[in-house]
Amino acid sequence: MSGPSEDERLRVQQLRALRRRWLRDQELSPREPVLPPRRLGPVAAFWERFVRPGDPWRLQVHKLYQTGSFVLLRVLLPAWAITYYLKYHVRKSPHGVVMTNPRIFPGDRILETGEIMPPLRDEHHQHH
């Protein structure tokens, strides 16, 4: 036997026909793809109606967004970082943020209210 048998030739021919049909089936028709209808939530539906392409509101919303992001990223965040660094890392006492209150002992006058600190009452604990 020198060549492929009749069954092998028929099998190869059928496989080629199946491959050609499969490749033809992969081509999309003008009606495809068929997508389900878009369902929007209430917020997305509002923005879809409010910011349509070509509307003047769309340009105003875009400008507001650009300005807000510029102010936040280029002004407020750096100012906050600089303020934080200066407040907690550079300032020294007595101008620092963390200051201890002066000790108050019985009989001392409280500066804010002018009251005199009453003496501590004696607590008698009964230890066994």
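Residues are numbered from 1 along each chain as its sequence is written. Because the model is predicted, local features need pLDDT of at least 70 and side-chain atom pairs count only at pLDDT 80 or more, while totals for chains, interfaces and linings use all residues, and side-chain values use heavy atoms, with hydrogens and water left out.

Start with the whole protein, coloured by pLDDT, which is the predictor's confidence in each residue, from 0 to 100. The average is 85, and 88% of the residues score at least 70. Where pLDDT is low, the predicted coordinates should not be read in detail.

Next, show the secondary structure: the protein has three helices and zero strands, where helices (H or I, at least four residues) and strands (E, at least two) are DSSP runs, numbered from the N terminus.

Now select residues 56–90, which are helix 3, with 35 residues and a reach of 48 Å from the first C-alpha to the last, close to the 51 Å expected at 1.5 Å a residue; the expected span is 1.5 Å times one less than the number of residues. Centre on L72, where helix 3 bends by about 35 degrees, the bend being the angle between axes fitted to the seven residues ending there and the seven starting there.

Finally, select V75, which lies in helix 3 and is partly exposed, with a relative accessible area of 40% (buried means under 20%, exposed over 50%, partly exposed in between, with a 1.4 Å probe and protein chains only).
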